[in-house]
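Please look over the sequence and the model first.

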Amino acid sequence: MQSNSPTMIAPGATIGILGGGQLEKMTALAASHLGYRTCILCPEGDNPAALVSNNIIISHYDNKDNLSNFSNSSEVMTLCFENIDDAVVEALAKQGRIYPGAEIIRIAQHRLREKAYFREHGVQTADFYPVHSLAELETGVRSLPQGCGLLKSCRFGYDGKGQYKIDLGTDLAEIWAQAGFEEAVLEAWVPFKTEVSAIVARSTNGEMRAFPVAENTHREGILHTSRVPAQVPHAVAEQAQAITLQLAEALDVVGLLTVEFFALEDGTLLANEMAPRPHNSGHWTMDGCVTSQFEQLVRAICGLPLGAVEVTVPVTMENLLGEDVLHYATQLADPAVRLYIYGKQGLRPGRKTGHINRLHLSPRAE
Ligand code: AMP
């Protein structure tokens with residue numbers, strides 16, 4: 001019999017998941033599928049992950065007693081968001097195993113640190129300028145080609161939130177006052193041809209796998225669709241995977257690392273941002289890949305062999321926002337559609353409330 005790795009955590013153990021959103025829900029379901037139990041810690045009880053977890057600790061992330069309870073209940077812990085005080089992750093790391101670690105979170109939660117990290121590792125990005133004042137914004141804008149760019153908050157920006165488009169003639173004083181940013185980054189506008197993302201898994205024993213890259217479209221800064229296979233040259237897809245593998249190794253990631261890229265007309269890739277966790281652009285793997293990103297995360301943090309990443313059927317993932325999930329009957333009537341409803345309380349416009357995977361099934365040969 002093959003000897004188990006010393007770090008292998010066997011099915012039956014409890015995986016602690018910090019947070020209670022849809023990524024945590026789908027991770028808990030994948031864990032359960034492999035025979036693990038889950039314990040979540042999250043500030044509110046009424047959330048997607050609470051619907052499917054074995055044990056729920058309702059608590060703010062800074063409550064030391066509850067964090068200790070959480071780590072004591074879990075053989076291994078994970079989290080699927082970066083906007084958390086890294087001291088919380090550091091404290092949990094002293095009590096047990098947690099992936100991703102505090103250092104990766106610190107880099108990925110801060111746009112300037114993230115871009116600096118990309119550049120230090122030879123990964124190209126859009127031109128950018130750190131901005132802490134109106135004067136710095138004005139200086140940065142003067143350096144932008146055609147004066148076009150995006151002002152982004154260094155922290156707490158997601159789904160296009162905390163971003164302001166800058167064009168020739170934009171009133172910079174007004175934008176700066178309106179934004180109220182303490183620390184921001186001004187990015188040159190990128191005339192990209194396509195956007196792609198690559199997700200790689202790296203396990204506790206260093207095994208690595210890269211999922212096929214997805215081709216993404218956004219609407220108002222929010223991911224709209226992810227399509228696989230991506231309609232990009234093979235070399236571009238391969239390079240996106242290679243860069244993500246390189247970064248995962250450099251960051252000593254255990255779990256998943258996602259990198260989002262802009263692909264230019266000439267095939268150049270510019271890294272936009274990264275996330276050390278399952279990613280919305282990887283939801284296609286739930287129906288179009290041998291192993292889903294969520295199962296791969298569980299395998300990686302438990303030291304199990306990583307799963308195969310071959311595409312089983314071409315698929316387009318489409319996000320459902322707000323009340324889009326109310327059209328479930330129509331979506332379910334379509335034989336090519338797989339529907340996921342997260343079970344969030346409140347269907348606010350723009351909020352991710354579900355997604356569909358549209359399978360591009362080939363017509364059956366007669
Ligand atoms: P982000 O929050 O940085 O992921 O941005 C959300 C989306 O806005 C991206 O996926 C792009 O579609 C668009 N975007 C962000 N930054 C730029 C940029 N510098 N140039 C052009 N489009 C951008």
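## Cavity

A cavity is a set of points on a 1 Å grid over the protein atoms alone, where a 1.4 Å probe fits but cannot get out. Grid points are joined across faces, edges and corners, and a volume is the space filled by probe spheres set on the points. The model is predicted: local features need pLDDT of at least 70, side-chain atom pairs count only at pLDDT 80 or more, and totals for chains, interfaces and linings use all residues. Residues are numbered from 1 along each chain as its sequence is written, and side-chain values use heavy atoms, with hydrogens and water left out.

The search of the whole structure gives 1 cavity of 30 Å³ or more. The largest cavity has a volume of about 40 Å³. Its lining (residues with an atom within 4 Å of a point) consists of Ser 197, Ala 198, Ile 199, Phe 211, Pro 212, Val 213, Ala 214, Ser 281, Gly 282 and Trp 284. Strand S10 (residues 194-202) gives the largest share of this lining, 3 residues. Strands are DSSP runs of E, at least two residues; helices are runs of H or I, at least four; both are numbered from the N terminus. By class, the cavity lining has 7 nonpolar, 3 polar and no charged residues. Ala, Val, Leu, Ile, Met, Phe, Trp, Tyr, Cys and Pro count as nonpolar, Asp, Glu, Lys and Arg as charged, and the others, Gly among them, as polar.

## Second largest pocket

A pocket is an open set of points with protein on both sides within 12 Å along at least five of seven lines. The second largest pocket holds about 270 Å³ of space. Its lining has 17 residues; Met 26, Ala 30, Met 286, Ser 292 and Phe 294 lie nearest its centre.

Which elements each supply at least two residues of this lining? They are helix H1 (22-33), helix H9 (285-288), H10 and S17. H1 provides the largest share, 5 residues. The lining of the second largest pocket divides into 10 nonpolar, 4 polar and 3 charged residues.

## Salt bridges

The whole structure has 15 salt bridges, each a side-chain nitrogen of Lys or Arg within 4 Å of a carboxyl oxygen of Asp or Glu. Arg 227 pairs with Glu 215, with the closest N and O atoms 3.3 Å apart. This pair links distant parts of the chain: Arg 227 is in strand S13 (residues 222-228) and Glu 215 in strand S12 (residues 214-219), 12 residues apart. Glu 215 counts as buried at 11% relative accessibility (under 20% is buried, over 50% exposed, in between partly exposed; 1.4 Å probe, protein chains only). Arg 227 is partly exposed at 34%.

Arg 299 and Glu 295 bridge at 2.8 Å between the closest N and O atoms. Both lie in helix H10 (residues 293-302), 4 residues apart, about one turn of the helix. Glu 295 is buried, at 12%. Arg 209 and Glu 207 meet at 3.4 Å, N to O. Arg 209 is partly exposed at 28%, and Glu 207 is partly exposed at 26%. A network of salt bridges links Asp 86, Glu 90, Glu 103 and Arg 106.

## Nonpolar surface patch

Tyr 328, Leu 332 and Ile 341 make a nonpolar surface patch of about 300 Å². Patch residues have over 30% relative accessible area and no salt bridge; nonpolar side chains (Val, Leu, Ile, Met, Phe, Trp, Tyr) are joined within 5 Å, like charges within 9 Å. Accessible areas come from the Shrake-Rupley method with a 1.4 Å probe; for residues, only the protein chains shown count as cover.

Ile 341 lies in strand S17 (residues 337-341). Ile 341 is partly exposed, with a relative accessible area of 38%.
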